Amino acid sequence: MPSALIVIDVQNDFCSGGALAVVGGEEVTAPINAMMDRYDAVILTQDWHPAGHSSFASCHPGESAFGVVEMPYGPQVLWPDHCVQGTPGAAFHKDLRQDGDLIIRKGFRAAVDSYSAFFENDKTTPTGLEGYLRNRDLMDLTLVGLATDFCVAFSALDAARLGFDVRVDLSACRAIDLEGSLNTALKDMQEAGVHLGQGPA
């Protein structure tokens with residue numbers, strides 16, 4: 001079965017020194033680069049927020065980063081301003097290979113955040129990735145990148161729900177782990193039938 005590697009959000013703002021740095025975020029670049037040639041396709045995703053995005057704590061007077069507010073589509077974690085379109089923070093990390101088949105940009109709608117590579121956080125607005133994968137008969141997916149407990153997990157859960165065979169290579173992921181979010185995400189992925197592993201399948 002043709003296989004695809006989906007590389008989630010390996011961007012400067014999620015690496016050391018970034019606005020929303022994940023501990024050890026840049027460490028995923030080397031293993032991801034080494035994996036790319038083993039797959040029939042490589043898709044890179046990129047957080048791509050307009051300035052003043054509704055998920056930014058700075059847009060909610062009296063609220064602070066990592067608090068939670070209720071949005072029309074449900075609870076939303078408030079984040080520091082990050083991955084603003086066209087800024088150095090939104091660029092892919094310089095050590096990451098960028099010679100993939102497709103780049104999916106998400107989170108560009110000001111009123112709704114987007115963790116998943118497949119859907120905005122309203123869980124209904126598609127990014128177009130599902131159609132691309134199905135049109136190329138890429139039903140066997142491996143996910144890597146940042147962060148394990150948010151964008152990687154949301155993407156993996158959506159992919160499993162859509163009927164893809166999904167694996168997350170934890171050796172090429174790093175987590176934020178916000179109040180136990182990593183354990184929750186790992187449990188949710190296992191229950192959804194996502195294969196969790198370390199290193200080559």
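A search of the whole structure, which is a predicted model, returns two cavities of 30 Å³ or more; a cavity here is a set of points, on a 1 Å grid over the protein atoms alone, where a 1.4 Å probe fits but cannot get out, and lining residues are those with an atom within 4 Å of a point. Grid points are joined across faces, edges and corners, and each volume is the space filled by probe spheres set on the points. Rolling a probe the size of a water molecule over the atoms shows where empty space is left. Because the model is predicted, local features need pLDDT of at least 70 and side-chain atom pairs count only at pLDDT 80 or more, whereas totals for chains, interfaces and linings use all residues. Residues are numbered from 1 along each chain as its sequence is written, and side-chain values use heavy atoms, with hydrogens and water left out.

The largest cavity holds about 110 Å³ of space, and of the 15 residues that line this cavity, Phe14, Leu20, Asp47, His82 and Cys151 are the closest to its centre. Its lining comprises nine nonpolar, three polar and three charged residues, where Ala, Val, Leu, Ile, Met, Phe, Trp, Tyr, Cys and Pro count as nonpolar, Asp, Glu, Lys and Arg as charged, and the others, Gly among them, as polar.

Along the sequence the elements follow the pattern β-α-β-β-β-β-α-β-α-β-α-β. For 201 residues a compact globule would have a radius of gyration near 17 Å, and the 16 Å of the protein chain agrees with this; the radius is taken over C-alpha atoms, and the globule rule is 2.2 Å times the number of residues to the power 0.38. The C-alpha trace spans about 50 × 30 × 30 Å along its principal axes. Of the 201 residues, 52% count as buried, that is, under 20% relative accessible area, with exposed set at over 50% and partly exposed in between (1.4 Å probe, protein chains only). Among contacts (heavy atoms within 4.5 Å) between residues at least 6 apart in sequence, 74% join residues at least 24 apart.

Helix α3, residues 148-161, is mostly covered, with 10 of its 14 residues buried; among them are Asp149, Phe150, Cys151, Ala153 and Asp158. The buried residues of α3 pack against strands β1 (3-8), β4 (74-77), β5 (102-106), β6 (140-146) and β7 (165-174), and also against helix α4 (181-191). Just after α3, glycine 163 takes a positive phi of about 100 degrees.

Pockets were treated separately from cavities, a pocket being an open set with protein on both sides within 12 Å along at least five of seven lines. The largest pocket has a volume of about 340 Å³; 15 residues line this pocket, and Pro75, Gln76, Val77, Tyr115 and Phe154 lie nearest its centre. The elements that give two or more residues to this lining are β4 and α3, and the largest share, four residues, comes from β4. By class, the lining of the largest pocket has nine nonpolar, three polar and three charged residues.

The second largest pocket, with a volume of about 190 Å³, has a lining that includes Lys123, Asp149, Phe150, Phe154, Asp158, Arg161, Ser181 and Asp188. Helices α3 and α4 each supply at least two residues of this lining, and α3 gives the largest share, seven residues. The lining divides into five nonpolar, two polar and five charged residues. Serine 181, found in helix α4, is buried, with a relative accessible area of 13%. Not counting residues up to four places away in sequence, serine 181 touches Asp149 and Phe150.

Threonine 125 lies in the loop between β5 and α2 (129-135). Leaving aside neighbours within four places in sequence, threonine 125 is in contact with Arg109, Phe118, Phe119 and Glu120. Threonine 125 and serine 114, 11 residues apart in sequence, are 9.5 Å apart in space, C-alpha to C-alpha.
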